Amino acid sequence: MTPTVSKSRRSRLCLAPCLALGLAAGVAGSPAGAADTLPPSGQPAAGPEAEASFFLLKGKPVQGGLMRGAAPVGATVTLDGFAIPTTQDGNFVFGFDRDFAGSATLDVTLADGRTQSRVLAVEPRDYDIQRIDGLPPAMVTPPDAETLARIQRESAIKAAARPKDSPLTAFTESFVWPVLGPITGTYGSQRILNGEPRRPHYGVDIAAPRGTPVKAPAGGVVTLAEPDMYYEGGLIFVDHGHGLIGVFMHLDEVTVAVGDRITQGDVIGKVGSAGRSTGAHLDWRMYWRAAHIDPTLLVPPMEDVLAAADSAAPDAPDAPIAQ
Ligand SMILES: [Zn+2]
């Protein structure tokens, strides 16, 4: 029997909630304006907005989205009543999981007791859902006992390498792509095989030749550096601080060690196809606490970066041609 493949996108209701969302997103974006980095002091920008809001918020409240903010020094921040730690400068971060539904309330309270709240209506997204029906039932062989033990051992290692809310502040940086290349897999995509939903894909896949250096998209400390994991092959976790962890999978080579302090642009490993992978690529993921974050929301669109890299190349078409 030939498997049938169909693609569907989740239907989306867009009436009053979307209007509310538009407002929330507008408010969230306006104090920071087009600024790409948070002010180091954590002080709100001067001007009319400074009176309206005493904190900045950057990012879009959307499923898989990361929000970064800056409050006055000494302020306390909560999200739906749960404490969000701030840095000494008043910076903070939080994010929304793939299937987060509804809204979240951010409260910022100054040392003098004044509080401002913002309701963040989290925008739902359409994910690539691929249905494949008519597959022979036992296409995926269950792992043997030895492999199963290995998988369990490795998942304990991974869980231990995700520290909660470290005081590192690299999460405030402007992130860059760890590797450049065509995007071959997207955040949130999911396959439904014979009606059974599989675990969603939580990373972005970037195709690149084997051996391509993988650069740290932001600074941090390495909390996991494993050369050979069953699923992920060469695997690195980088703690960017305050619960934000970057994950780099299928590496041929891991060139950092646990405890290494890295800065943006440092080479941490090399692209490969190690683990359960079908071709050389980097799978880049990100967590904020338990929430899976879409890394692509933190960097410029890949096509823009590739186009800029192209036009900056020395062999541009207007280069003189030897006769
Ligand atoms: Zn992937």
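**Labels and their grounds**

Analyst: The model is a predicted one. In strand 6, Asn 91, Val 93 and Gly 95 point one way while Phe 92 and Phe 94 point the other way, and all are buried.

User: Which residues touch Val 93, not counting residues up to four places away in sequence?

Analyst: They are Leu 66, Met 67, Arg 68, Phe 171, His 242, Leu 244 and Trp 288. Val 93 also belongs to the largest nonpolar core, which has 61 residues. Together with Ile 236, Phe 248, Leu 251 and Leu 282, Val 93 touches the most other members. Strand 17 (residues 244–254) supplies the largest share of this core, 7 residues. At least three residues come from each of domain 1 (10–121) and domain 2 (129–309).

User: Why is Tyr 187 called buried?

Analyst: Tyr 187 has 26 C-beta neighbours inside 10 Å. The cut-off is 20 or more, so Tyr 187 counts as buried. Tyr 187 is found in the loop between strand 10 (183–185) and strand 11 (190–193). Beyond four places in sequence, its contacts are Gly 64, His 201, Tyr 202, Gly 203, Val 204, Asp 294 and Thr 296.

User: Why are Asp 165 and Arg 289 called partly exposed?

Analyst: A partly exposed residue falls between the exposed limit of 12 or fewer and the buried limit of 20 or more. Asp 165 has 16 other C-beta atoms within 10 Å, so Asp 165 is partly exposed. Arg 289 has 17 C-beta neighbours inside 10 Å and therefore gets that label too. Asp 165 is in the loop between helix 3 and strand 10, and its phi is near 50 degrees, a positive value in a residue other than glycine. Arg 289 is in the loop between strand 20 (281–288) and strand 21 (291–293), with a positive phi of about 50 degrees although it is not a glycine. Most residues other than glycine have a negative phi.

User: What makes helix 3 (residues 145–160) hardly covered, and how does its span compare with the expected value?

Analyst: The count of buried residues among its 16 residues is 0. Helix 3 reaches 23 Å from its first C-alpha to its last, close to the 22 Å expected at 1.5 Å a residue.

User: What makes strand 5 (82–84) and strand 8 (115–121) edge strands?

Analyst: The open sheet has 4 strands in the order 5-4-7-8, with antiparallel pairing. Strand 5 and strand 8 each pair on one side only. Strand 7 (residues 103–109) is joined to strand 8 by 7 bridges, and Thr 105 has Val 119 as its bridge partner in strand 8.

Note on methods
Residues are numbered from 1 along each chain as its sequence is written. This is a predicted model: local features need pLDDT of at least 70, side-chain atom pairs count only at pLDDT 80 or more; totals for chains, interfaces and linings use all residues. A nonpolar core is a set of buried Ala, Val, Leu, Ile, Met, Phe, Trp, Tyr and Cys residues joined through C-beta atoms within 7 Å. Helices (H or I, at least four residues) and strands (E, at least two) are DSSP runs, numbered from the N terminus. Domain bounds come from an automatic or database domain assignment. Two residues are in contact if their C-beta atoms, placed from the backbone, lie within 7 Å. The expected span of a helix is 1.5 Å times one less than its number of residues. Two strands pair if DSSP finds at least two bridges between them.
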